[in-house]
Amino acid sequence: SKKELAAMLRDIAEKGTAVVLVTHDTELAAESADVCAMLFGGEIVSVAAPDEFFAENYFYTTPARRITRGIVDGITVF
């Protein structure tokens, strides 16, 4: 169902509609987003493209990035 949701969001975005997704699912965000942001204390504290966003974030990152950190650079999702 996550892949179906990602495909639907992509279709909507490709038609020119802005899509804002709020999620704690880092893999969904990494696969679906053009830009990721982190809210903390009611403020945006980090904004970047998914690859950069999850590569630079030690705690809030994808499982693939957590597993490969220090071994292979640049992997965000499998």
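The structure is a predicted model, in which local features need pLDDT of at least 70 and side-chain atom pairs count only at pLDDT 80 or more, while totals for chains, interfaces and linings use all residues. Residues are numbered from 1 along each chain as its sequence is written, and side-chain values use heavy atoms, with hydrogens and water left out.

The mean pLDDT (the predictor's confidence in each residue, from 0 to 100) is 85 for the protein, and 92% of the residues reach 70 or more. Confidence is highest in strand E2, at a mean of 93, and lowest in helix H4 (residues 63–68), at 75.

The protein contains 4 helices and 2 strands; these elements are DSSP runs numbered from the N terminus, with helices being H or I of at least four residues and strands being E of at least two. Their order along the sequence follows the pattern α-α-β-β-α-α. The C-alpha trace spans about 40 × 30 × 20 Å along its principal axes. Of the 78 residues, 24% count as buried, where buried means under 20% relative accessible area, exposed over 50% and partly exposed in between, computed with a 1.4 Å probe on protein chains only. Among the contacts (heavy atoms within 4.5 Å) with a separation of 6 or more, 22% come from residues 24 or more positions apart.

Helix H1 covers residues 2–14. The expected span of a helix is 1.5 Å times one less than its number of residues; for the 13 residues of H1 this gives 18 Å, and the end C-alpha atoms are 18 Å apart, which agrees. After H1 comes Gly16, with a positive phi near 100 degrees.

The loop between H1 and H2 includes Val20 and His24. Val20 is exposed, with a relative accessible area of 76%, and His24 is likewise exposed, at 81%. For His24 and Tyr60, a sequence separation of 36 residues corresponds to a C-alpha distance of 9.1 Å.

Strands E1 (residues 36–40) and E2 (residues 43–48) pair in the antiparallel sense over 5 bridges; strands pair if DSSP finds at least two bridges between them. Within this pairing, Ala37 stands opposite Val47 of E2, and Met38 faces Ser46 of E2. The hairpin has 2 residues between its strands, and Gly41 takes a positive phi near 60 degrees there. In a regular strand the side chains alternate between the two faces of the sheet.

The largest nonpolar core has 7 residues, namely Ala29, Ala30, Cys36, Met38, Ala48, Phe53 and Phe54. A nonpolar core is defined as a set of buried Ala, Val, Leu, Ile, Met, Phe, Trp, Tyr and Cys residues joined through side-chain atoms within 4.5 Å. At least two residues of this core are supplied by each of H2, E1 and helix H3 (50–56).

Phe53 touches Cys36, Ala37, Met38, Ser46 and Ala48, leaving aside residues up to four places away in sequence. Rings of Phe, Tyr and Trp (its six-membered ring) pair if their centres lie within 6.5 Å, and planes under 30 degrees apart count as stacked, over 60 as edge-to-face and the rest as tilted. By this rule there is 1 aromatic pair. The ring centres of Phe53 and Phe54 are 5.0 Å apart and the planes meet at 85 degrees, so the pair is edge-to-face.

Phe54 is also a contact of Thr26, which touches Thr61, Thr62 and Pro63 as well, residues up to four places away in sequence not being counted. Thr26 is found in helix H2 (residues 26–32) and is buried, with a relative accessible area of 18%. Ala55 lies in helix H3 and counts as partly exposed, at 31% relative accessibility. Ala55 and Thr26 are 29 residues apart in sequence, and their C-alpha atoms are 12 Å apart.
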